[in-house]
Amino acid sequence: MAHGEVLEFEEYVRTRQEALLRSARRLVPDPVDAQDLLQTALVRTYGRWDGIADKSLADAYLRRVMINTRTEWWRARKLEEVPTEQLPDASVEDATEQHADRALLMDVLKVLAPKQRSVVVLRHWEQMSTEETAAALGMSTGTVKSTLHRALARLRQELESRELDARTLERSDRTEQTHAGREERGRERCAA
């Protein structure tokens, strides 16, 4: 790669790094993994930088590399991982409602297959059109629409399930408190 192209790539990374890291963070839940994902994508893109004729499409190219890399990592994951019926509670780092919602959403996104997650991230977070999403993922617009529909239905189902589980737990706690109160009153009567 010529010295001018190296400088051009370095300038591109300096100006777009934060936005690209946000995209990576939406593709993988762990912040460290997101940094690794972006770094891997940048290394792979660096080797092909001179082949990108229209540099205005570099973001789309890099997003595609990140999606492909994340998919490779997902396929290569350890087979000891076993899907579970119930996901762990979302960690909340900040007490504000916005952070709680974001943590819940990131946790709920884990139930989606990588392809569905990619479509949701590009359409709703990156605010790409259906056509742009299709081009970025190398699929037809119809496939994007049907994948998005199924993904959103799955997300709704997961959120409703979690809400139902929370209500059931709340009722169970109230029932236990009622029984504990009755037992306490009974002991008080016996002691009197």
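Tutor: Helices (H or I, at least four residues) and strands (E, at least two) are DSSP runs, numbered from the N terminus. This is a predicted model, in which local features need pLDDT of at least 70 and side-chain atom pairs count only at pLDDT 80 or more, while totals for chains, interfaces and linings use all residues. Residues are numbered from 1 along each chain as its sequence is written, and side-chain values use heavy atoms, with hydrogens and water left out.

Student: How many helices and strands does the protein chain have?

Tutor: The protein chain has seven helices and zero strands. From the N terminus on, its elements read α-α-α-α-α-α-α.

Student: What share of the residues counts as buried?

Tutor: Of the 192 residues in the protein chain, 30% are buried. Buried means under 20% relative accessible area, exposed over 50%, and partly exposed in between (1.4 Å probe, protein chains only).

Student: OK, helix 1. Where does helix 1 bend?

Tutor: At Arg16, by about 60 degrees. The bend at a residue is the angle between axes fitted to the seven residues ending there and the seven starting there.

Student: Which residues of helix 1 are buried, and what covers them?

Tutor: The buried ones are Val6, Phe9, Tyr12, Val13, Ala19, Leu20, Ser23, Ala24, Arg26 and Leu27. Their cover includes helix 2 (31-46), helix 3, helix 4 (97-109) and helix 5.

Student: At what angle do helix 1 and helix 3 pack?

Tutor: About 40 degrees, with the axes of helix 1 (residues 3-27) and helix 3 (residues 58-75) 11 Å apart. Axes are lines fitted to C-alpha atoms, for helices over the stretch in contact, and angles run from 0 to 180 degrees between N-to-C directions. Helix 1 and helix 3 are therefore oblique to each other; angles under 35 degrees count as roughly parallel, over 145 as roughly antiparallel, 65 to 115 as roughly perpendicular and the rest as oblique.

Student: Which residues meet there?

Tutor: From helix 1, Tyr12, Arg16, Leu20, Ser23, Ala24 and Leu27; from helix 3, Ala58, Asp59, Leu62, Arg63, Met66, Ile67 and Arg70. Contact means heavy atoms within 4.5 Å.

Student: Ile67 is on that list. What else does Ile67 touch?

Tutor: Leaving aside neighbours within four places in sequence, Ile67 is in contact with Leu27, Ser118, Leu122 and Leu137. Ile67 is buried, at 4% relative accessible area.

Student: Moving on. How do the axes of helix 5 and helix 6 cross?

Tutor: They come within 9 Å and cross at roughly 135 degrees. That makes helix 5 oblique to helix 6. Ser118, Val119, Leu122 and Arg123 of helix 5 make the contact with Thr130, Thr133, Ala136 and Leu137 of helix 6.

Student: And the loop between those two: which residue there has a positive phi?

Tutor: Gln127, which lies between helix 5 (114-125) and helix 6 (130-137). Its phi is near 55 degrees, a positive value in a residue other than glycine. Gln127 counts as exposed because its relative accessibility is 65%.

Student: Last one. Is Glu158 buried or exposed?

Tutor: Glu158 is buried, with a relative accessible area of 10%. Glu158 sits in helix 7 (residues 141-191). Apart from neighbours within four places in sequence, Glu158 is in contact with Leu87, Val108 and Val111.
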